[in-house]
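This report goes through a structural model step by step. Please read it alongside the sequence and the coordinates.

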Amino acid sequence: MDGVHDMGGMDGFGKVQPEPNEPVFHAPWEGRVLAMQRSMGYAGAWPIDASRFAQERLAPQAYLGASYYQRWALAMERNLIERGYAGADELSSGHALRSGKPLARKLTPDLATQAMTRGSFYRQAQTPARFKPGDRVRTKNIHPPTHTRLPRYARGRLGVIELVHGCHAFPDTMAVDKGDSPQWLYTVMFEGKELWGPDADPTLKISIDAFEPYLDPA
Amino acid sequence: MAQHDHDEHGSELSETQLRVRALETVLTEKGYIDPAALDLIIQAYETKIGPHTGARVVAKAWHDPAFKRALLDDGSKAVRALGHESRVGDHLVAVENTPARHNIVVCTLCSCYPWDVLGLPPVWYKSAPYRSRAVKDPRGVLADFGVKLPASTEIRVWDSTAETRFLVLPMRPSGTEGWSEERLAQLVTRDAMIGTGLPKPPEEVA
């Protein structure tokens, strides 16, 4: 979806402000949110792209006004309610009013460290890769109303395949519970001028990682 | 949970704090989560998983040409072979800085970051200024970090739009010939592995 989360190339947000000696968490609740998200992910409650999509669907002013972990918490509440894991009445009262929905598994302390390893997104290829390094491609000009990982600034642009990363679960379908739909994944490199016009820094090259359905031969 | 008992009355944060506490209580009562497992995850990110892992990887690559080749060929496999406590997931890609090319990593769509080797991302990495500008004005972003590169250096920005995770392999500072891996690792900053910084000069490390 064409939301405010898709920030690449927007102006007006100001300078980057590094924080010297930044703590891992700025408040204890941030760690709780992160760990709850990890636990629910381990339990198989919803895929990571459903978390991203829930954040993207926040109202723009809510998205921009919230901190990173606040967005996570808001997205988690949304997924819990939409998927029937908890009711809005329970979240507002702060207590379970009904019993829980069955989940595939539960993250217990003995498994916590094991769950820190990221899962693999590799999937069995259904077809051979359509592109190889050096191939010229044009990204599609698509504007799906749902989750996609093709950023606006790189749509309809001419690029070159640089890396082939194998076949991966496809976020666009994962986010809306339509399955893995495995797709080949490529690093596609663009010249700065192709994305930002003739005044772009001539030394600039930008790449995205693009799933095969985002690409046409060029 | 002692972590919850910080006093932040009257601030906007206290509303968030209460809301997060409610969330945790509901999920616990429903049987979905175990607060003790949450404690361990938080503890791991606070004490075990951080940029020191990435720094060891970079230092080894500087020290051992065969490891460097393996790292650039398959980042996940090479780092896993080191047997670090934070086990590295798939899809780690190391990208090498050279005199001709400087790499910078961003995630414009959310905040994808190589947690396995760098820990949790800093706030600036997740902020709108960085996410919006890194792909369009990377030299301006570098200036915000006090980094100025020659005008002829190619700036290569990697937007992490999938589950691939990028680790920048910075250039080894000159004047470090004969240094051990442990000593080299002290030069490697987190920002140098994101591409918004450079390794420390050797004179800063005893």
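The model is a predicted one. Chain B contains 11 helices and four strands. Along its principal axes, the C-alpha atoms of chain B fill a box of roughly 55 × 35 × 35 Å.

Chain B has 206 residues, and 61% of them count as buried. When contacts in chain B between residues at least 6 apart in sequence are considered, 63% of them join residues at least 24 apart.

## Interface between chain B and chain A

On the chain B side, 83 residues are in contact with 90 residues of chain A. The size of an interface is often given as the accessible area lost when the parts come together. For chain B and chain A this buried area is about 7600 Å², and carbon and sulfur atoms account for 61% of it.

The interface of chain B and chain A has 11 salt bridges. One of them joins B:D39 to A:R32, with the closest N and O atoms 2.6 Å apart. Across the interface of chain B and chain A there are also 43 residue pairs in polar contact, both residues being at pLDDT 80 or more. Several elements of chain B give two or more residues to the side that touches chain A, among them helix 1 (12-29), helix 2 (35-47), helix 9 (138-144), strand 3 (154-159) and strand 4 (165-169). Helix 1 of chain B provides the largest share of that side, 12 residues. By class, the side of chain B that touches chain A consists of 43 nonpolar, 17 polar and 23 charged residues.

## Two domains in chain A

The domain assignment divides chain A into domain 1 (28-116) and domain 2 (136-217). Their C-alpha centres lie 28 Å apart. Seven residues of domain 1 of chain A and nine residues of domain 2 of chain A take part in the contact.

Domain 1 and domain 2 of chain A bury about 650 Å² between them, and 55% of this area is given by carbon and sulfur atoms. Of the area that domain 1 of chain A buries against domain 2 of chain A, 64% is supplied by A:P47, A:D49 and A:F53, more than by any other three residues.

The count between domain 1 and domain 2 of chain A is one salt bridge. A:R83 forms a salt bridge with A:D177, where the closest N and O atoms are 3.2 Å apart. Between domain 1 and domain 2 of chain A there are three residue pairs in polar contact, both residues at pLDDT 80 or more. The side of domain 1 of chain A that touches domain 2 of chain A has three nonpolar, no polar and four charged residues.

## Helix 2 of chain A

Helix 2 of chain A spans residues 48-56 and is mostly covered, with eight of its nine residues buried. Which residues of helix 2 of chain A are buried? They are A:D49, A:A50, A:S51, A:R52, A:F53, A:A54, A:Q55 and A:E56.

The cover over the buried residues of helix 2 of chain A comes from both chains: it includes helix 1, helix 3 (60-65), helix 4 and helix 6 of chain A, together with strand 4 of chain B. Two of the buried residues of this helix, A:D49 and A:F53, are also among the three that supply 64% of the area domain 1 of chain A buries against domain 2 of chain A.

## Local backbone features in chain A

A:N21 is not a glycine, yet its phi is positive, about 50°. A:N21 lies in the segment before helix 1 (28-42) of chain A. Is A:N21 buried or exposed? A:N21 counts as exposed because its relative accessibility is 78%, above the 50% cut-off.

A:S181 likewise has a positive phi, about 40°, although it is not a glycine. A:S181 is placed in the loop between helix 6 (171-174) and strand 3 (183-191) of chain A. With 28% relative accessibility, A:S181 counts as partly exposed.

A:G84 sits in the loop between helix 4 (68-82) and helix 5 (88-93) of chain A. At 46% relative accessibility, A:G84 counts as partly exposed. The C-alpha atoms of A:G84 and A:G100 are separated by 9.1 Å, and these two residues are 16 residues apart along the chain.

Key
Residues numbered from 1 in each chain as written. Chains lettered and ligands numbered in written order. Predicted model: local features only at pLDDT ≥ 70, side-chain atom pairs only at ≥ 80, totals over all residues. Heavy atoms only, no water. Buried < 20%, exposed > 50% of the residue type's maximum accessible area, 1.4 Å probe, protein only. Domains from an automatic or database assignment. Contact = heavy atoms within 4.5 Å. Buried area = accessible area lost by both parts, 1.4 Å probe. Salt bridge = Lys/Arg side-chain N within 4 Å of Asp/Glu carboxyl O. Polar contact = N/O pair within 3.5 Å; in protein donor to acceptor, adjacent residues only side chain to side chain. Nonpolar A, V, L, I, M, F, W, Y, C, P; charged D, E, K, R; others polar.
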